[in-house]
Amino acid sequence: MASSSKRPRSDASTATGTAAARESVPHVRVAVIGSGFGGLGAAVRLRRAGITDFVVLERADSVGGTWRDNSYPGCACDVPSHLYSFSFAPNPDWPRSFSGQPDIRAYLEKVATVFGLRPHLRFNAEVLEARWDSERTHWRIDTSAGQWTADAIVSAAGPLADPQIPDLPGLSGFPGKVFHSSRWDHGFEPAGKRVAMVGTGASAAQIIPAIQPRVDKLTVFQRTPAWVLPRSDREISALEKWVHGRLPVTAKIRRGALFALRELQVDAFVRRPGLLRLVQQVAERHLAQGVRDPALRAKLTPDYRIGCKRILLSNTYYPALAAANTEVVASGLREVRGSTLVAADGSEHEVDAIVFGTGFHVTDMPIGARVFGVDGTNLAEEWKDGMEALRGSTVHGFPNLFFVIGPNTGLGNSSMILMIESQLNYMIDALITLDSIGATAMQPTARAQRHWNLELQHRMDRTVWTTGGCRSWYLDPSGKNTVLWPGSTTSFRRATRKVDLGEYELIMRTAPTVARTVQEASA
């Protein structure tokens, strides 16, 4: 009965068993991580390119990404609806010019159904580790739902996926409800409660007006005030929907106009920040109209140039902060003593619940610690001095790993869907190119990646995000902007239209363990 009484298996039988285990692991051409806009967009483009051998690995039980996770009161997009949708999946039925979270999530569910993506989806399959196998020139992927191997990985996990909550002394001993805005506790009823809102970013600017009329007292902890502009939101009429549905060209014209307006704004952000002075004056008037109390207005007036941090859009934020049951603490939260919150300025505040609107792990994406490249190093270690990729899409040492919303692909004034579609073009061209030249995998050369990032950071020096006088979540701990793209979406589309093989090393099918440059491969 005891296992020790059995004879050990021979090396041959062990090898046979190992081979059998490998055979039992399903293999796909492409494994997509995440089912938000990036992941679903990748799935659609793969199918359109004739690549149907792929899976979409999703850690949750439904699609939607950040628009599934963020379901807090008042959650909505700050990009116009007709620009915040796929060009290949226009939606004539958007209910508002700036749509809310339920409508955006419903749109993504519809995309998954209409484009036949359901059979490819694997829910509750969180990627625990992805490791490049140099011997077999493919990725080995361990998930909470089993193992896969894949020729290529598309990482669409997204930068706004993993919430960041500060490590505050005493927080674990707080007796009331505590949660992050992206993990809203729908069992929590704020009516009659004393609620603390920690943070004054984009999520907080929507949560505060939504809960302020219901709570007994709202205490807002503000480290740095934000510039806020009016929000031109309205209901889209039935006539508009009818016209867009019957004459799709009208929706394209509307989208094109929204796109052009934002492209015209880019220069002020990336090359001539002085041009933002007029925009700042609009924000100052908006603040003066929304907050009559000069002391509160002083607390809410930023000391940096508009655009340096994310600009918020709201018509209800300032009135909610000026309400009689709201207190703005112009200080960060320092510690928690029971139900008492102690601010950095020493003031104390009794509350029943804490909501953190403190952002996400953006410059240290958690997926980085789970992806291991050719030499066994993970992305987190590779990026310890700051995230870098070639054209925001590929990383040296990590063959056939393609990012959607990778380093330096974020935007400060337009729709991320435009950037996502550009990266999908690049990914599809790379996969087709590999097939056409008979190669198994590709990775950027260290030189090409470095050259791209040196040029990118040089351009970053002129932007408002660098010169505006603020410290934002766009910057990593060393002060390097590894998040935003210092240019227009049009220029990024040009930069990612096609793969330049001169920037890549190829791993050929005939010699799967040897990385050869494109010059060697073509010799």
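**Helix packing and overall fold in a predicted model**

The crossing of α2 and α12 is right-handed, meaning that the near helix is turned clockwise from the far one by less than a right angle. The contact (heavy atoms within 4.5 Å) involves F37, G38, G41, A42, R45 and L46 of α2, together with I417, I420, E421, L424, N425, M427, I428 and L431 of α12. These residues divide into nine nonpolar, three polar and two charged; Ala, Val, Leu, Ile, Met, Phe, Trp, Tyr, Cys and Pro count as nonpolar, Asp, Glu, Lys and Arg as charged, and the others, Gly among them, as polar.

The structure is a predicted model, in which local features need pLDDT of at least 70 and side-chain atom pairs pLDDT 80 or more, whereas totals for chains, interfaces and linings use all residues. Residues are numbered from 1 along each chain as its sequence is written, and side-chain values use heavy atoms, without hydrogens and water.

As for the chain as a whole, 54% of its 523 residues count as buried (under 20% relative accessible area, with a 1.4 Å probe and protein chains only). Among contacts with a separation of 6 or more, 71% join residues 24 or more positions apart. The C-alpha atoms fill a box of roughly 80 × 65 × 45 Å along the principal axes.

T463 sits between α13 (446–460) and α14 (464–467), helices being DSSP runs of H or I with at least four residues. T463 counts as buried because its relative accessibility is 0%. Beyond neighbours within four places in sequence, T463 touches F269, V270, P273 and P486.

Terms used
Helices (H or I, at least four residues) and strands (E, at least two) are DSSP runs, numbered from the N terminus. Buried means under 20% relative accessible area, exposed over 50%, partly exposed in between (1.4 Å probe, protein chains only).
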